Amino acid sequence: MSKLTKNQKSVADKIEAGKAYTLREACELVKEITTTKFEASVDIDVRLGVDPRKANQMVRGVVSLPNGTGKVTRVLVLCTPDAEAAAKEAGADYVGLDEYIEKIKGGWTDVDVIITMPSCMGKVGPLGRVLGPRGLMPNPKSGTVTMDVAKAVKEVKQGKIDFKVDKTGIIHTSIGKITFTPEQILQNAKEFIATVIKLKPAAAKGTYIKSIYLSSTMSLGIKVDPKSVE
């Protein structure tokens, strides 16, 4: 067994084995146990009592985090010429249509979110093979296929994220940066968990929120008591 470094031992000493912390305690503790020299992300993992293989138990949604994500989100808007000015004014990093569709066909995917209009989906749809595996395909359910592209851009830039449960029943997402205050992390975590709870499928039986863990990039996971957030 490898020997723990001084930092690892210090971190391990701060987390009590098997203990489930309140969400507030976890938001304070995650800052204490983060020793990375870069600005780490704060991540949350929620295990749900659902069977994602069944369509009526799929959990997917969007949430606007009160304090944003803390990261710069590069947004591409694929729209008709009449919507370009509004998209640029709203803060989109790239705006256009045919030229960007050709770039994407050539392998370019250097963006974080792609927003488009219903009338453009005929051209955007065939890009699914490139964008789908990267999680970039616009989808009406996540608000990235809309007539009001300017509003969608503003929401994304202000901290709107979309999420969905994976095949193992876990939702994993980032809810901020380690430079946030514990209160900011707490507010974002509460908003995210409240949204997940609202999305509980009618077909889900038994315990819905099975476990919650909070961590930062490369840190240990902190077990959160689900009862402290409901």
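Colleague: In which helix of this predicted model is the place of Asn188?

Modeller: The model is a predicted one. Asn188 has its place within residues 182-198, and the helix made of these residues is α8.

Colleague: Is Asn188 buried or exposed?

Modeller: Burial requires a relative accessible area under 20%. Asn188 has a relative accessibility of 0%, so the residue counts as buried.

Colleague: Which residues is Asn188 in contact with, leaving aside its neighbours within four places in sequence?

Modeller: Asn188 belongs to helix α8, and neighbours within four places in sequence are left aside here. The remaining contacts of Asn188 are Leu65, Pro66, Asn67, Gly68, Ile175 and Phe180.

Colleague: Which element gives the most to the largest nonpolar core?

Modeller: The largest nonpolar core has 38 residues, and those with the most contacts inside it are Leu48, Ile175, Phe192 and Leu214. Two or more residues come from each of α2 (23-32), β1 (41-48), β6, β7 (170-177), α8, β8 and β9. The element that gives the most, with 6 residues, is α8.

Colleague: Which residues does Phe192 touch, not counting residues up to four places away in sequence?

Modeller: Phe192 is among the residues with the most contacts inside the largest nonpolar core. Not counting residues up to four places away in sequence, Phe192 touches Ile44, Val46, Val63, Leu65, Phe163, Ile171, Thr173 and Ile175.

Colleague: In the salt bridge of Asp51 with Arg53, how far apart are the closest N and O atoms?

Modeller: Asp51 counts as buried, at 17% relative accessibility, whereas Arg53 is exposed, with a relative accessible area of 74%. The two residues form a salt bridge in which the separation of the closest N and O atoms is 3.0 Å.

Colleague: How many residues apart are Asp162 and Arg60?

Modeller: The side chains of Asp162 and Arg60 meet in a salt bridge, at 3.9 Å from N to O. This pair links distant parts of the chain, for Asp162 is in strand β6 (residues 160-164) and Arg60 in strand β2 (residues 60-64), and the separation is 102 residues.

Colleague: Which residues are linked with Arg74 in a network of salt bridges?

Modeller: A salt bridge joins the side chains of Asp112 and Arg74, with an N to O distance of 3.1 Å. The pair links distant parts of the chain: Asp112 lies in the loop between α4 (98-105) and β5 (113-116), and Arg74 in the loop between β2 and β3 (75-78). Asp112 is partly exposed, at 29% relative accessible area, and Arg74 is partly exposed, also at 29%. The residues linked with Arg74 in the network are Asp110 and Asp112.

Technical notes:
Residues numbered from 1 in each chain as written. Predicted model: local features only at pLDDT ≥ 70, side-chain atom pairs only at ≥ 80, totals over all residues. Heavy atoms only, no water. Salt bridge = Lys/Arg side-chain N within 4 Å of Asp/Glu carboxyl O. Buried < 20%, exposed > 50% of the residue type's maximum accessible area, 1.4 Å probe, protein only. Helix = DSSP H or I, 4+ residues; strand = E, 2+ residues; numbered from the N terminus. Contact = heavy atoms within 4.5 Å. Core = buried A, V, L, I, M, F, W, Y, C linked by side-chain atoms within 4.5 Å.
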